[in-house]
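Here are my notes for your reading of this structure. Please keep it open beside you and go through the points in order.

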Amino acid sequence: MAGAAGPPLPPLLLLLLLQLLALPAGRANRTGPDSLYVSEYFSQSAQKLSFYSWYGNAKLFHFHVPEDTVLLRWLLQASRGKGPECSSMDITVHFRHGAPPVINPLGTRFPANATVRPSYNISISLSSAVQNTTFVNVTTPAAGDWFIAAHLPQAAGRIEVKGFSTPCPCMFQADMFVLRLTDMPVLEPGVPMPHTVVSPAKPLHVKVFVPKHAAGMQFQLSSCVTSEQRACAVRVLLGSITLPQSFQRSLTCTGSINCSLALDSPPWEKWLQIMVESLGTANASVSVEMLVSFTVCRPGSASSFLNFISLNQSQAGARPGAAGSSAPAAGEAPRNTSSPQSSCLQSQPVVREDLDVVSVRYRLLNGPSVPVSSLSPTLLLLNLNTGMDSGGSLVVNLLLNKTSVSLANATVAACVSAASPVLSLNATQNCSTAFSQGYPLSVSTSSAEAMLIVLYPQTDDWFLSLQLLCPKGQGDCSSAEAKVTVFAYLTPCFNDCGPYGQCSLLRRHGYLYAGCSCKAGWGGWSCTDDTKAQSVGTQNLATLLLTLSNLMFLPAIAVAVYRFYLVEASVYTYTMFFSTFYHACDQPGVAVMCIMDYDTLQYCDFLGSVVSIWVTILCMARLKKILKYVLFISGTLLIAMSLQLDRRGVWNMMGPCLFALVIMVTAWVHHGAKRRHCYPSSWKRWVFYLLPGITLAFIAISVYAFMETNENYYYTHSIWHVLVACSVAFLLPPRDKHKKPWAWSQKLTCRYQICQNDREELYAVT
């Protein structure tokens, strides 16, 4: 389970960890009468890194940081193999709190309207050293889910055949060490509390709980006194560190003057950590008094009874003509019980509907349209705090009803934010809260639609705030209102990766997240970057080359039929058929045709290719018919079994080839010893058939194993088809001497002549 405590550590490693955490021997260290630190260790198994071509190549590590953690230390261990194929390489490691990191190692374009914030990352180099150990420290980290993604540089693009090349193994492991307070002091809102900072090396940690609907927070520090009667100097850090961006607030206080800090929109229903550290001498303690107060926002919303009626009507439908019904009419939002003048926000009820894995739809109980005024923001809660929602894409779409806007040039400003809503859209439109940065949106009569895509949204409560902004000096803005239709949903992949991509669900220790695998040269997070995209003509050309090149098996089939090798001809026909339709189904673009399941076509193509080589070499051995057909059947069954075990293993092709070559060489030696001269005996057979066929076969294997890349695949693989088919036509042995060539007219005449001769002999007088 991600974030579970690891097994007991060896004594040497435990001693190292205690030194890293600056703790004396023992589990706990009491730094004062009110502080008890506890160290904990979390680990996950090492993973083999891959070169990056899409998000699935990045290896994800998922940890959970407990509450009241004051120090987080990552131990990153990387190692590579020692073989000659291993060279220097760089490992990129990304960190993020709340959701997997959004990365872009290839520098591709993201989809329009997508929000992208660069991830925090470091590089680990493995040049001369086989191993590398790196530490990353985070003081006062945010509690909750933390993710690490590691990968190698961009993939070279060469298609490596399993067994022909030996990749350099590179392993990566991330361990997490935390130092947390078991009894962190709690500040009570509105109550001054004195505290003491023992020394600069031992800062004071306290926390306060932010209530729901808190619009503002006021922090005040007073009565700062040192033990040495010197000038008081302290620094206060409010909030926790989150990556890639951190909005931790800092306040420096000197002298006995009171210090205060006002914060707008603090995170609702969260513990806020406050750290006070002394800036004085090492032996001087500092006494301070802290006071925290909150400004609570009174929400105005429909009553719970009306919400319950709306929920029943939306699910079961109201009875027509029911007497005494107090529910609003269809499409009409119920009036708020509290007037806009008496509340600072208007809350709209939202229902979360779980559709599938990482797939959620949000439905407004009062209809898809919500009223938006200028007096107070309209607030919608989008719940994404289950812990399994951060692996998709949150999509918010706003559509303004132009006829509902009473003022011509009015604009509806919107903000999508996590942890706390933005309640001051009329004052500022940067969508910033106390410790986070939201995402702005706006709709107007000139631009009535707006969309926002949040890639991998962090695990939290998300809020959508809307407010009507009127131009100065134009009409009565207080009575103006607009209606905005809101569509919000969570999807694994935005637009299902488009026509040139495939959405794949990835898993790491039970955590599910999604990624797009792009094809036909398309790239980007949702396969929307067409910088290197193949044109439709190129896609059609690739399909034609890969499919029509299999028609080169027709000469081999004709030669086999002409020489009475009917079993071999049927195998070549099978191979040509399934190779043609497999490559027609395997194309990444629009020129695709699948006559059956893709996996079935691929298996039949691989089976036909290997069996064709098997029967050709055995046919060249000139074995007795009964022995040849027994080897045909038994070898085909064994090949079918091995392909089911490992379809892309090189020994699935090389094994039958080598075994068939051993049988052929043995048979040729036996024939040569029996006839007392070289076999085959004709030099023309060697010069005009065997040597060209062997040369074509070796060239085909070289192209298949060492020259194929993702860019030239449809050229090189088509050449492989042509070379293999031509080599088969050259290598097939001549027909048996006692068999005459196909001649239907002679066969019919001969058969009639035999009957005539028999009748003549019957009446002959001897």
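This is a predicted model: local features need pLDDT of at least 70, side-chain atom pairs count only at pLDDT 80 or more; totals for chains, interfaces and linings use all residues.

**Notes on a surface patch and some salt bridges**

1. Helix α9, residues 683-707, supplies four residues to the nonpolar patch, the largest share of it. The patch lies on the surface and is formed by Trp683, Val687, Phe688, Tyr689 and Phe730. Together these residues have about 510 Å² of accessible area.

2. Look at phenylalanine 688 as one member of the patch. Phenylalanine 688 is found in helix α9. Its relative accessible area is 47%, so phenylalanine 688 is classed as partly exposed.

3. The next points concern charged side chains. Side chains of opposite charge can pair when their charged atoms come close. How many salt bridges does the count come to? The count comes to 12 salt bridges.

4. Arginine 109 and aspartate 529 form a salt bridge, and their closest N and O atoms are 3.5 Å apart. Arginine 109 sits in the loop between β7 (89-97) and β8 (114-115), while aspartate 529 sits in the loop between β34 (511-518) and α3 (536-548), so the bridge ties together parts 420 residues apart in sequence. Arginine 109 is partly exposed at 44% relative accessibility, whereas aspartate 529 is buried at 6%. A network of salt bridges links Arg109, Asp529 and Asp530.

5. A salt bridge also joins the side chains of arginine 352 and aspartate 389, at 2.9 Å from N to O. Arginine 352 belongs to strand β23 (residues 350-356) and aspartate 389 to the loop between β26 (378-384) and β27 (393-400), so this pair ties together parts 37 residues apart in sequence. Aspartate 389 is buried, with a relative accessible area of 4%.

6. In the pair of arginine 647 and aspartate 599, the closest N and O atoms of the salt bridge are 2.9 Å apart. Arginine 647 is in the loop between α7 (625-645) and α8 (651-675), and aspartate 599 is in helix α6 (residues 598-620), so the pair ties together parts 48 residues apart in sequence. Aspartate 599 is partly exposed, with a relative accessible area of 40%.

Key. Residues are numbered from 1 along each chain as its sequence is written. Side-chain values use heavy atoms; hydrogens and water are left out. Patches are made of residues with over 30% relative accessible area and no salt bridge: like charges are joined within 9 Å, nonpolar side chains (Val, Leu, Ile, Met, Phe, Trp, Tyr) within 5 Å. Accessible areas come from the Shrake-Rupley method with a 1.4 Å probe; for residues, only the protein chains shown count as cover. A salt bridge is a side-chain nitrogen of Lys or Arg within 4 Å of a carboxyl oxygen of Asp or Glu. Helices (H or I, at least four residues) and strands (E, at least two) are DSSP runs, numbered from the N terminus. Buried means under 20% relative accessible area, exposed over 50%, partly exposed in between (1.4 Å probe, protein chains only).
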